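Here is a short walk through a model with protein chains and DNA. Please keep the sequence and the structure in view while reading.

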There are 2 protein chains.
Amino acid sequence: MIPLERRQYILQQAALRGVVGIYELAQALNVSHMTIRRDLEKLQQEGAVVLVSGGVQISKKLSSEPELMVKENMATEEKIRIAKAAVEYIPQKGCIFLDDGTTTLALAQLLSDREDLTIVTNDFVIMDYLTDHSVCTVFHTGGMVRKRYRYCVGEMATKIIKSITFDVSFMSASSWDERGVTTPDIEKIAVKQAAIYSGRKNILICAQSKFGQVATFLAFDLKDLDLIISDKKLSKQAIEAVAERRVELKLV
Amino acid sequence: MIPLERRQYILQQAALRGVVGIYELAQALNVSHMTIRRDLEKLQQEGAVVLVSGGVQISKKLSSEPELMVKENMATEEKIRIAKAAVEYIPQKGCIFLDDGTTTLALAQLLSDREDLTIVTNDFVIMDYLTDHSVCTVFHTGGMVRKRYRYCVGEMATKIIKSITFDVSFMSASSWDERGVTTPDIEKIAVKQAAIYSGRKNILICAQSKFGQVATFLAFDLKDLDLIISDKKLSKQAIEAVAERRVELKLV
DNA sequence: AGCTATTTTGTGAATTTTTATAATTTTTTG
DNA sequence: CAAAAAATTATAAAAATTCACAAAATAGCT
């Protein structure tokens, strides 16, 4: 890894998460903290980041730029915590499905050094990340391209998903409540149901903030799940609803 | 491998990844770091890359327009001429397949305003371009991701391709001769054959410079094609070989 | 083919840049 | 205010770069 690559990685992490720690970066990149400090100094001179005690913050100017904004909305603290909890459920040499979404992307980012895994996804952002940063085997489901959201839906994707068996299907949700997970895109229903059909274990990884929101179409019922991983702020009402449906719940 | 090929490979890698390390290239190309350095110096003089410590970065002008950059790096003129000729064969409201490759990418770039089309591809670069710049319906075949080249291969992709019918399949080739199109990737054979199986019309769009090069595996015979579009510099030997197989030939 | 001239490539040494370690000072935290 | 964490500084080690020159490959010629 050459110095520039390292700086790009730092920028990416900063863009993704808002702030990053120096020692964390040093460990991730396997270099000394001094090297990171010198990198950060350069990046600060370029105006890309702002140094703060213990790490860097993405400069406001950048974080308001459209491409990064999309990412910004991604890996928050909660999502990373949820993703870390999710890793525990991935067996050695396993084959997993990652649904489209930012929480599943955060999970993908934790798996870059897992050579043993086979990862299947319908999301192009996740695929891009894995293509550039991972050593695992990657499959894309294909299907009709939803340009705006950069993932695939439709019958083609559904068919392929049904023809594979996953040790774990990690499902995401942009909206869920006591009934189940809902989506505004009718074409996504079949895809999500296929992923659940093909998962020997189905885990919903989803921030509590999405609870209570409802979209037009019901993709699947909470009963179809084996486990829900969410964050600790999840409302009592939600916890009760999950318990009633006898689905295991893990809050992190 | 001749020096020019080596530089094209370097450019391709740089285009693909943004930055590339010198020692990495030296190892991949099996030459000394000095040879790479001299190559990079030349490429820098041409303005294609910028030298940085430990490697090169793709020049900003190019990297900000990824679709142009790929074109840029390999004999553009011919490819665009070939692509323009290929457009003639695309019917209104048609469904076409675009094989992975830079000539097919050039074709995709000419189709951005065609709202009537359905385009299917196994190439992620083509898909990305169409996602960002086109108004047509896009499908991706999915399949096993070949990270380095950014396309899909394998049985999954093959199956899907066979289940669709294309008005035209536009095939590419990194190497071809009188026998047919060859590839170094065994997994690509089935994909290419499936595309030809599913094409009501099969057109090879391919620069003459690739003629005479041979890779390990034969993907398909020239006889399987309805038309070959190439550039005018195509050798007499090649023209005769094509005529013998009763395949129409168009030189532009 | 055989020969020379030219270009390209590899090797090793000197130079410069980058990085790691350790000691010291400053800032943060309880 | 004291302990811990972080930042700074200095210096040694490692890596990357440059330069010079010999070896190898290529091209052009008879």
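In this predicted model, the residues around DNA strand D come from chains A and B. By residue class, the surface near DNA strand D divides into 6 nonpolar, 4 polar and 2 charged residues.

The two protein chains also touch each other. In chain B, 23 residues are in contact with 20 residues of chain A. Several elements of chain B give two or more residues to this side: strand E1 (19-21), strand E3 (55-58), helix H8 (124-133), strand E6 (137-140), strand E7 (143-146) and helix H9 (155-162). The side of chain B that touches chain A is made up of 10 nonpolar, 11 polar and 2 charged residues.

How do strand E7 of chain A and E6(B) pair? Strand E7 (residues 143-146) of chain A runs antiparallel to E6(B), and the pairing covers 2 bridges. Here A:Gly143 stands opposite B:His140 in E6(B).

That pairing belongs to an open sheet of 9 strands, in the order E8(A)-E7(A)-E6(B)-E5(B)-E4(B)-E9(B)-E11(B)-E13(B)-E14(B). The pairing in this sheet is mixed. Its edge strands are strand E8 (151-153) of chain A and strand E14 (248-251) of chain B, each of which pairs on one side only. From one strand to the next, the twist averages 30°.

Within the sheet, strand E4 (residues 95-98) of chain B pairs with strand E5 (residues 118-121) of chain B in the parallel sense, over 4 bridges. B:Cys95 has B:Thr118 as its bridge partner in E5(B). Helix H10 (residues 186-198) of chain B lies across E4, strand E9 (168-171) and strand E11 (202-205) of chain B. The helix runs at about 150° to E9(B).

Last, chain A as a whole. Chain A has 11 helices and 14 strands. Of its 252 residues, 40% count as buried. Among contacts in chain A between residues at least 6 apart in sequence, 59% join residues at least 24 apart.

Notes:
Residues numbered from 1 in each chain as written. Chains lettered and ligands numbered in written order. Predicted model: local features only at pLDDT ≥ 70, side-chain atom pairs only at ≥ 80, totals over all residues. Contact = placed C-beta atoms within 7 Å. Nonpolar A, V, L, I, M, F, W, Y, C, P; charged D, E, K, R; others polar. Pairing = 2+ DSSP bridges. Near = placed C-beta within 6 Å. Axes fitted to C-alpha atoms, helices over the stretch in contact; angles between N-to-C directions. Buried ≥ 20, exposed ≤ 12 C-beta atoms within 10 Å, placed from the backbone.
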